[in-house]
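Hi everyone, thanks for making time today. Let me put the structure up on the screen, and then we can walk through a few spots together.

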Amino acid sequence: MAKSPAIFVCSACGNTTSKWSGRCEACGEWNTIQEERPVSAGPPSKSLGAAKGRTVPLTDLAHAETPPPRTSSAMAELDRVLGGGLVPGSAILVGGDPGIGKSTLLLQGAAAFAEAGLKVVYISGEEASAQVRMRAERLGLGDAAVRLGAETNLRDILATLEAERPDLAIIDSIQTMWADNVGSAPGSVTQVRAAAHELTTLAKARGAAVMMVGHVTKDGQIAGPRVVEHMVDTVLYFEGERGHQFRILRSVKNRFGPADEIGVFEMTGAGLSEVTNPSALFLSERGTPAPGSVVFAGIEGTRPVLCEMQALVAPTPHAQPRRTVVGWDGGRLAMILAVLEARCGIPFAGLDVYLNVAGGMKVTEPAADLAVAAALLSAREDSGLPPETVVFGEISLSGALRPVAQTENRLKEAQKLGFTAAIAPRGGKAGDASGLTLTQMGDLTSFVGEIFGAG
């Protein structure tokens, strides 16, 4: 039987070619092309294919296998991000900046799942077992029923997991794993892809959940080939600012639950503690409302979260005004400034604009458009909004205000935190907004005229 043709893969960027060359055409690196021979596409063996596999009708529920139940831990915020608990046989990738607390989170999660009755194995490729034990004692988890291991050789790790048969295996981190059958350095694209593939295959074959820690690049993306995120079932990002005490665990992909769900934790001397009411945390440092400060009622996943949008508008000494954004999309800020000038006649030429989402929160939904516009106008006119008011809504290029989803949940969260007024687009389903003064507007011009008396 003829062998399958070899393929050549760049160990720096993962680009695949049909022939070897000294320089990669995709990334320009030298001497990074390595040969990989795929599995031969010959006739099916006796142990694979139709002889062993079987199919069942999608609509025949009587013959469907009952899925194993999820396992909930004592960490409600972690369970929320996972979609309700840990799914057996799932592969989970957790990424985050160095020192943000990924290992602390997973060690606390390992102890919580072990207490729930799962057999947990924690494999560290960056620390010795004594160092992991020292951190566990500092977190008050010295008596947790978690098996520890310190190893980087993937072959030894797979043999250990085959022998231990854990319900949950934690790999810290995937960039330190080294497969001896792959001819490249640990942490390279080829090594990360091979290690992730082997661990994901083990999770599916043995029904054991596998959590892998992934380092991130300076751009905030998980280091390694993008295909790793496609292999796994769930991708979580652990975010936060080192100057603030809280951390956000964000789900960007989840095959077993809603994506864009968040869990909020607070970093303390005894580890991570859960924050059951993140809106109160993000608004805890908010003092007397000042010009340029507006409270936005947002939705993160399935939970409503209130945060403060802060803007500063000042004359610029430079020929080109500055546009600085933290926690929001800079392109969307430019769009709102253009709409304010074109539709409302309010120019920002010759003015520096600074926009910040207080507390290190990152907002991605377009429902924050109206809150940003209100903060910009409030800072420009040096006039604060009415106290205890929340604002949300999407702005179109025509200047119209578009209704956003889950208006009722946003209003309920604002009312629960003591806010008495809300400004929202016309047409949203407000539900029972008793006790809350709701002002609905159809376009940005009416909003500017009624709230600021300009435009």
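Here's something to start with: in which loop is Asn31 found? Asn31 lies in the loop between strand E2 (16-17) and strand E3 (33-36). Please keep in mind that this is a predicted model. What I like to point out about Asn31 is its backbone: phi is positive, about 55 degrees, although the residue is not a glycine. Asn31 counts as exposed, because its relative accessibility is 63%, and the cut-off for exposed is over 50%.

Asp260 is not a glycine, yet has a positive phi of about 65 degrees. You'll find Asp260 in the loop between strand E10 (246-254) and strand E11 (262-268). At 45% relative accessibility, Asp260 counts as partly exposed.

Staying with the backbone, have a look at the peptide bond from Asp172 to Ser173. That bond is cis, with omega near 10 degrees. Ser173 sits in the loop between strand E7 (168-172) and helix H5 (189-206).

How many of the 13 residues of H9 are buried? The count is 11, so H9 is largely enclosed by the rest of the structure. Among the buried ones are Asp369, Leu370, Val372, Leu376, Leu377 and Ser378. Just after H9 comes Asp382, with a positive phi of about 55 degrees.

Next, a helix pair. Helix H8 (residues 330-344) and helix H11 (residues 444-451) pack with their axes 10 Å apart, at an angle of about 85 degrees. H8 and H11 are therefore roughly perpendicular to each other. On the H8 side, the contact involves Val339, Leu340, Arg343 and Cys344, which meet Leu444, Thr445 and Val448 in H11. Sorted by class, the contact of H8 with H11 has five nonpolar residues, one polar and one charged.

Last stop, the cysteines. How many disulfides does a search of the whole structure find? The search comes back with zero. Cys27 is partly exposed, at a relative accessible area of 33%, whereas Cys307 is buried, at 2%.

That's my tour, so over to you for questions!

Terms used
Residues numbered from 1 in each chain as written. Predicted model: local features only at pLDDT ≥ 70, side-chain atom pairs only at ≥ 80, totals over all residues. Heavy atoms only, no water. Buried < 20%, exposed > 50% of the residue type's maximum accessible area, 1.4 Å probe, protein only. Helix = DSSP H or I, 4+ residues; strand = E, 2+ residues; numbered from the N terminus. Axes fitted to C-alpha atoms, helices over the stretch in contact; angles between N-to-C directions. Parallel < 35°, antiparallel > 145°, perpendicular 65-115°, else oblique. Contact = heavy atoms within 4.5 Å. Nonpolar A, V, L, I, M, F, W, Y, C, P; charged D, E, K, R; others polar. Disulfide = S-S within 2.5 Å.
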